Amino acid sequence: MKKILLLAAVLILAAACTQKKTSKYLVLYYSQTANTKAVAEQIANSLGADIEAIECVVPYDGDFNATIQRSQKERAEGVLPEIKPLSVDVNAYDVIFLGYPIWFGTYAPPVASLLENVDLNGKKIVPFCTFGSGGLDSSVKDLKAKLPNAEILPGYGVRTARIEAVPAEVERFLKVNGLLAGDFSPLPDFSEARPVTEEESALFDTAVGDYPMIRAKAEEVASRAVPGGMEYIFTAKDLPMGPAPDAEVEAPARFIKVYVLAEDGKAPVFTQVLR
Ligand SMILES: Cc1cc2nc3c(=O)[nH]c(=O)nc-3n(C[C@H](O)[C@H](O)[C@H](O)COP(=O)(O)O)c2cc1C
C-alpha cells in the first residue's frame, strides 16, 4: 500500500513539474494595438508553443499621438517603461520567439525593458515584428548588439497594412526556417538590379502612393517570380519631405530599398522599406 501511495505521489509530482513547460518554444511578445499579438498567436498556434505577453506596469493606453509623445519624452529622459514580471521561466525553453512593434526604427521600449531584466544571452531567438513601413533589419541589428551571446535566427516582419497576409506568411516562414515540418516551394533568387522601365516606375508609384512617409523616385529594380505574381526590390531616391525646420535648403536625397509585391489581379503593395 505504501509503495502504491509513493508511486502516486511521484506521478503527481512529475505531472506538476511538466505542467509549466508544455513546449520547447516560447512566444514572448509586446503589443500595444494587437497587430504583433496577431502574429504571436499565429506562431504559437502553428507550433503549439507557449505564449506570454510582455505587459507594462503603466500601459501605453493613449491614442497614437499620446503614445508618440510619452515615448519621445521617455527617450529624451533615457527612461524605460517598467514591465510586470513574466510568469514563465525563459530558461525552460530552447527557442524564444521575441515579438514587438517597431517604434522609432527599433523594438518598442517594453522589449528594451525586458532585455534589461531577463537575460536572453545564450538563447536561440527568432525575432518577429509589425511596422508601418519597416524596421525588422534595424531592430535585429540592435538585438544582436544588445545580446552578443544569443543566437539570433532569421526573423519575420510584416506591415500593419498587410496583417491579413500573416497566416500564410508565418506558415511559410516557419517551414523555410525548419521550425515547422512540411513542404514549401523555394523561391528563385532576385535578378540583377537594372534601371527601371516606365512601367516599373509607375508600379512603384502605385505601391507607395498613399503612404505618407515615402516620397521617393524609383531608379533601379531587381525582380523575381513568386506564386501568383512578381516581387520587386526597388532602389529609390528618397526625396526630402521639405526643408528641415532649422535649415534654409532641403536636405540631400538618400537612397532607400522598397520591397513591392504585385500579385495577379491585385494592386501592387509595398511590403517593407529598408532605410
Ligand atoms: C510610438 C510609435 C512609434 C512608431 N515608430 C514606427 C517606425 O519607426 N517605423 C514604422 O514602420 N512604424 C512605426 N510605428 C508603427 C507601429 O510599428 C505599427 O503600428 C505596429 O503594427 C503596432 O503594433 P502593435 O499593434 O502590436 O502595437 C510606430 C508606432 C508608434 C505607436
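The following legends describe close-up views of a predicted model.

**View 1. Packing of helix α2 against helix α6.** Helix α2 spans residues 35-47 and helix α6 spans residues 166-176. The two helices pack at an angle of about 50 degrees, and their axes lie 10 Å apart. The crossing of α2 and α6 is right-handed.

**View 2. Residues at the contact of α2 with α6.** On the α2 side, the contact is made by V39, Q42, I43, S46 and L47. Helix α6 contributes V166, P167, V170 and L174. By residue class, the contact of α2 with α6 comprises seven nonpolar and two polar residues, with no charged residue.

**View 3. Buried residues of α6 and their cover.** Within α6, the buried residues are V166, V170, F173, L174 and K175. V166, V170 and L174 also take part in the contact with α2. The cover over the buried residues of α6 includes, besides α2, the strands β3 (95-103), β5 (124-131) and β7 (156-159).

**View 4. The residue G178 after α6.** Helix α6 is followed by G178. The phi of G178 is positive, near 70 degrees.

**View 5. Confidence along the chain and the stretch 12-19.** The protein chain has an average pLDDT of 91, and 88% of the residues score at least 70. Over residues 12-19, by contrast, the pLDDT is below 50. This stretch has zero contacts in the model beyond near neighbours in sequence.

Key:
Residues are numbered from 1 along each chain as its sequence is written. This is a predicted model: local features need pLDDT of at least 70, side-chain atom pairs count only at pLDDT 80 or more; totals for chains, interfaces and linings use all residues. Side-chain values use heavy atoms; hydrogens and water are left out. Axes are lines fitted to C-alpha atoms, for helices over the stretch in contact, and angles run from 0 to 180 degrees between N-to-C directions. Helices (H or I, at least four residues) and strands (E, at least two) are DSSP runs, numbered from the N terminus. A crossing is left-handed if the near helix is turned anticlockwise from the far one by less than a right angle, and right-handed if clockwise. Contact means heavy atoms within 4.5 Å. Ala, Val, Leu, Ile, Met, Phe, Trp, Tyr, Cys and Pro count as nonpolar, Asp, Glu, Lys and Arg as charged, and the others, Gly among them, as polar. Buried means under 20% relative accessible area, exposed over 50%, partly exposed in between (1.4 Å probe, protein chains only). pLDDT is the predictor's confidence in each residue, from 0 to 100.
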